[in-house]
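Work through the exercises below with the sequence and the coordinates at hand. Each task is followed by a solution in steps.

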Amino acid sequence: MSQEQDRVTAALARVPYAKFLGVRAELKGDELTLVLPFADHLIGNPMLPALHGGVVGALMELAAITQLAVSGKAEKFPKTIDISIDYLRSGKPVDTYARARVVKIGRRIANVQVEAWQGERTQPIAALHGHFLVAEEDSAA
Amino acid sequence: MTSPPPDQHDAILERVRMMMQFTPQGRALGAELVRVGPSRAWGKAPYREELVGDPETGVIAGGVLTTFLDQICGVAVILSMQDPRPIATLDLRIDYMRAAAPGRDILAEAHCYKIGQTIAFVRATAYEDTPEDPIAHAVAAFMVHSGAVRKFGANLRERKS
């Protein structure tokens with residue numbers, strides 16, 4: 001395991017909600033993938049059954065925040081300003097993956113796009129784009 | 001649009017409450033329905049340590065709000081239908097005005113302000129005390145399914161598309 005992988009794993013382990021969902025991180029080079037192993041408590045629609053849309057959204061938001069923490073080397077977690085989620089397919093009761101792309105990172109605000117998928121990377125089940133506050137007013141340090 | 005007379009309010013509330021309890025993730029979050037009205041729903045997501053997103057501040061994770069707001073918006077859509085039909089979230093946008101206060105339960109109010117044959121439009125606000133001091137605003141569109149509905153266990157079979 002690389003030092004970076006350790007850092008990401010440790011950062012995620014400090015977030016109680018990531019533990020609640022059961023999310024873990026896989027880092028290859030500078031490419032971060034969040035993995036959400038399937039668990040019964042993630043279900044939103046027991047009939048199909050399908051993952052709760054909020055959970056898929058939460059996974060993608062965590063992917064954005066963690067990616068920013070990796071690329072920005074920031075010790076503090078970025079804060080969400082806004083997120084917009086498109087649901088493309090219902091989430092099956094299997095493992096789900098999410099990968100974020102930082103489109104633009106300014107001095108204070110970052111624009112990030114995320115996709116979530118299950119079996120095939122080319123068939124995303126949801127997409128998110130959002131803005132995140134990466135630094136407080138006077139973080140010249 | 002359904003306008004429940006006062007004597008029906010409790011019965012409707014109970015029925016929709018059971019629906020929320022039926023959702024494993026809703027149960028896991030401890031989210032509950034507090035009140036219902038014509039095309040409107042009020043809910044509560046209790047503060048819990050295990051739902052914290054920022055260990056330094058103790059602020060609840062954004063993902064909790066996403067799930068809670070998605071769910072409460074869905075309830076508002078159900079409440080605006082004469083004959084409840086299955087729905088699915090098409091898109092959801094959330095704007096954060098500020099961080100939620102650590103240690104406080106989060107309340108939310110959702111209003112389905114337009115429902116058509118295919119799509120329902122909803123907005124919602126999350127707050128601790130009053131909607132005038134919001135934590136976040138949400139806007140969502142839901143697909144409203146017609147007669148042909150995906151069958152029980154549809155997601156357990158191979159996906160074609």
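**Exercise 1. Determine how many helices and strands chain A has, and in what order they come.**

Solution. Step 1: take helices as DSSP runs of H or I with at least four residues and strands as runs of E with at least two, numbered from the N terminus. Step 2: count them; chain A has three helices and eight strands. Step 3: read along the sequence, which gives the pattern α-α-β-β-β-β-α-β-β-β-β for chain A.

Conventions: the model is predicted, so local features need pLDDT of at least 70 and side-chain atom pairs count only at pLDDT 80 or more, while totals for chains, interfaces and linings use all residues. Residues are numbered from 1 along each chain as its sequence is written, and chains are lettered from A and ligands numbered from 1 in the order in which they are written.

**Exercise 2. Find what percentage of the residues is buried in chain A and in chain B.**

Solution. Step 1: call a residue buried if 20 or more other C-beta atoms, placed from the backbone, lie within 10 Å of its own. Step 2: in chain A, buried residues make up 46% of 141. Step 3: in chain B, they make up 39% of 161.

**Exercise 3. Describe the side of chain B that touches chain A.**

Solution. Step 1: two residues are in contact if their C-beta atoms, placed from the backbone, lie within 7 Å. On this basis 34 residues of chain B are in contact with 35 residues of chain A. Step 2: the elements of chain B that give two or more residues to this side are helix H2 (24-29), strand S3 (52-54), helix H3 (62-79) and strand S5 (87-96). Step 3: S5(B) supplies the largest share, nine residues.

**Exercise 4. Identify the bridge partner of A:Ile85 in S5(B).**

Solution. Step 1: strands pair if DSSP finds at least two bridges between them. Step 2: strand S5 (residues 79-87) of chain A and S5(B) run antiparallel and are joined by five bridges. Step 3: the partner of A:Ile85 is B:Leu92.

Methods:
A residue is buried if 20 or more other C-beta atoms lie within 10 Å of its own, exposed if 12 or fewer, and partly exposed in between; C-beta atoms are placed from the backbone.
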